[in-house]
Amino acid sequence: MTNNLPKIVICEGLSEYAYIQELNRLLIRGRYSTPYIPALPESGNFSSITKEFKNQKKKNKNSDVLIWVDKDIYVRQKADSTKYSMKKSYIPDFLFSVWNFEDFLVLHKERKEILFWQEKCSEFGHLSHPCSAEEHLKLFRKYMFPDYEKGTLPFDLTRERIELLFSNLKISDYKFSCEFLEFVQKEIQNKTLRFIR
């Protein structure tokens, strides 16, 4: 990453977009009050993501552009997996959520709830072969957050929740992860980002 300008984050959907907006309320980058600027592609498929990447690089020549997507597509759809493995060198490595955004959300919770969700995901085969978005959302609402809607967060994002997430990302027996938030944590550790309060 090259500079302290706000970083563009191409994110797969409205839920990631909403998360980044909430993250921007809590963090600051140098003199910039907005550390991350979300950009939505048409879908999480490789072609759509790379098209949006090129578009953002053209419009924002001096800004770093990151790509945050769910890994489930790249496991279920061989064509996207193959395209990703053969991507051009100017396309950055994707920062994946494993498997879905909702799995990543659970990592903001306490151990008991994470293990409960992991057990449910295992029962339905989601850990070995990710469920479709529709199936996964149905399970997520049934077992975790009944009122959850895409494009929203089921809880208030606070510094304490983010710090709990950072701790949870280091626990090896959790089957879920998020490389974008690992990147955010490194930025905080390197003091390119800081909490507003």
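1. Asn24 touches Ser33, Thr34, Pro35, Tyr36 and Ile196, leaving out residues up to four places away in sequence. This is read from a predicted model. Asn24 sits in helix α1. Its relative accessibility is 11%, and buried means under 20%, so Asn24 counts as buried.

2. The largest nonpolar core has 43 residues, and the members that touch the most others are Tyr19, Leu23, Tyr36, Trp68, Phe180, Leu181 and Val184. At least two residues of this core come from each of β1, α1 (14-26), β4, α5 (101-106), α6 (111-123), α7 (133-143), α8 (159-169) and α9 (179-189). Helix α9 gives the most, with five residues.

3. Which residues are in contact with Val184, leaving aside its neighbours within four places in sequence? They are Leu23, Leu27, Tyr36, Phe166 and Leu193. Tyr36 is also among the residues that Asn24 touches.

4. There is a second, separate core of 15 residues. Its members include Ile8, Ala39, Tyr84 and Phe94.

5. Two packed helices are described by the angle between their axes and the distance between the axes. For α8 and α9, the axes come within 10 Å and cross at roughly 110°. The two helices are therefore roughly perpendicular to each other, and their crossing is left-handed. On the α8 side, Leu165, Phe166 and Leu169 take part; they meet Leu181, Glu182, Val184, Gln185 and Ile188 in α9.

6. The axes of α6 and α7 come within 11 Å and cross at roughly 140°. That angle makes α6 oblique to α7. The crossing is right-handed. Helix α6 makes the contact with Phe116, Trp117 and Lys120, while α7 uses His136, Leu139, Phe140 and Tyr143.

7. Helix α2 covers residues 46-59, which is 14 residues. From its first C-alpha to its last it reaches 20 Å, close to the 20 Å expected at 1.5 Å a residue. Its buried residues are Phe46, Ser48, Ile49, Thr50, Glu52, Phe53 and Gln56. An α-helix has 3.6 residues a turn, so residues three or four places apart point the same way. What covers the buried residues of α2? Among the elements that do so are the strands β1 (7-11), β3 (36-39) and β4 (65-70), together with the helices α3 (72-76) and α4 (78-85).

Definitions and conventions. Residues numbered from 1 in each chain as written. Predicted model: local features only at pLDDT ≥ 70, side-chain atom pairs only at ≥ 80, totals over all residues. Heavy atoms only, no water. Helix = DSSP H or I, 4+ residues; strand = E, 2+ residues; numbered from the N terminus. Expected span 1.5 Å × (residues − 1). Buried < 20%, exposed > 50% of the residue type's maximum accessible area, 1.4 Å probe, protein only. Contact = heavy atoms within 4.5 Å. Core = buried A, V, L, I, M, F, W, Y, C linked by side-chain atoms within 4.5 Å. Axes fitted to C-alpha atoms, helices over the stretch in contact; angles between N-to-C directions. Parallel < 35°, antiparallel > 145°, perpendicular 65-115°, else oblique. Left-handed = near helix turned anticlockwise from the far one by under 90°.
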